[in-house]
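Take a look at the structure below. Keep the sequence at hand as you read.

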Amino acid sequence: MTPRTHLALALAPLPLTAALVLAACAPSPEAEAARAARDAERTPAVTVVGEGQTCITQSQIRQSIVRSDSVIDFEMRSGKVYRSTLPNRCPGLTIDRSISWENSIDQLCRQQIVYSLQNFAGTLQRGAGCGLGEFVPVEYVKVRE
């Protein structure tokens, strides 16, 4: 038996092992339901007030609010609010609820990569990078007490 053949035989069970390890790391349906419930609590209800936009003007953003691993609200200086629902969940986005991005123009656009910012011992470090979704103009629904 040559070393190459031996190596191939030794690695043969790895795809099955890797699949089992990944399956063990996948969140259970109960954990996913709990995460979805937490996200719903953090994400205020809105009414859509217009067509989604591809880009918003960066210099007009007053603040960004991370609502969940897949929703970011951009509050503008004019009082308008745009909600971007990311096409995919962004791991770690809700840890410190901060984002950053790099831009050479005064536009923040759909599919642009934003990064979660995480505080490690007082130092901000970039976390996962995730693409933005369309910017949908919304108004927060006022809760009646």
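This report covers a sheet, a nonpolar core, the disulfides and one arginine.

## The model

This is a predicted model. Residues are counted from 1 along the chain as its sequence is written.

## A sheet of three strands

Start with the open sheet. It has 3 strands, in the order β6-β8-β9. Their pairing is antiparallel. Strands of a sheet pair through backbone hydrogen bonds, either parallel or antiparallel.

Which strands stand at the edges? They are β6 (99-100) and β9 (123-131). Each has a single partner strand, so one side of each is left without a neighbour in the sheet.

Now look at how β6 is joined to β8, residues 113-120. The two strands run antiparallel, and 2 bridges link them. Isoleucine 99 has its bridge partner in β8: serine 116.

## The largest nonpolar core

In soluble globular proteins, nonpolar side chains tend to be buried together. Here, the largest nonpolar core has 16 residues. Four of them have the most contacts inside it: Ile56, Ile72, Phe74 and Leu132. Two elements give two or more residues to this core, β3 (61-66) and β4 (71-76). The most comes from β4, which gives 3 residues.

Leaving out residues up to four places away in sequence, what does isoleucine 56 touch? Its contacts are Ile61, Phe74, Met76, Tyr82, Asp106, Gln107, Leu108 and Phe135.

## Two disulfides

A disulfide is a covalent bond between the sulfur atoms of two cysteines. How many disulfides does a search of the whole structure find? The search finds 2. Number the bonded cysteines in sequence order, and the pairing reads 1-3, 2-4.

Cysteine 55 lies in strand β2 (residues 55-57), and cysteine 109 lies in strand β7 (residues 107-109). The pair therefore ties together parts that are 54 residues apart in sequence. The torsion about this S-S bond is about 105°, so the disulfide is right-handed. Cysteine 55 counts as partly exposed, because its relative accessibility is 23%. Cysteine 109 is buried, with a relative accessible area of 16%. The cut-off explains the two labels: buried means under 20%.

The other disulfide is formed by cysteine 90 and cysteine 130. Their sulfur atoms are 1.9 Å apart. Cysteine 90 lies in the loop between β5 (81-85) and α4 (93-96), while cysteine 130 lies in strand β9. So this pair ties together parts that are 40 residues apart in sequence. The S-S torsion of cysteine 90 and cysteine 130 is about 85°, so this disulfide is right-handed. Is cysteine 90 buried or exposed? Cysteine 90 is buried, with a relative accessible area of 0%. Cysteine 130 is buried too, with a value of 8%.

## A buried arginine

Finish with arginine 67. Where does arginine 67 lie? Its place is the loop between β3 and β4. Arginine 67 is buried, because its relative accessible area is 13%, and buried means under 20%.

One is with the side chain of aspartate 73, at 2.9 Å. Another is with the side chain of tyrosine 140, at 3.1 Å.

Methods:
This is a predicted model: local features need pLDDT of at least 70, side-chain atom pairs count only at pLDDT 80 or more; totals for chains, interfaces and linings use all residues. Side-chain values use heavy atoms; hydrogens and water are left out. Two strands pair if DSSP finds at least two bridges between them. Helices (H or I, at least four residues) and strands (E, at least two) are DSSP runs, numbered from the N terminus. A nonpolar core is a set of buried Ala, Val, Leu, Ile, Met, Phe, Trp, Tyr and Cys residues joined through side-chain atoms within 4.5 Å. Buried means under 20% relative accessible area, exposed over 50%, partly exposed in between (1.4 Å probe, protein chains only). Contact means heavy atoms within 4.5 Å. A disulfide is a pair of cysteine sulfur atoms within 2.5 Å. A polar contact is a pair of N or O atoms within 3.5 Å; within protein, one must be able to donate a hydrogen and the other to accept it, and residues adjacent in sequence count only if both atoms are side-chain atoms.
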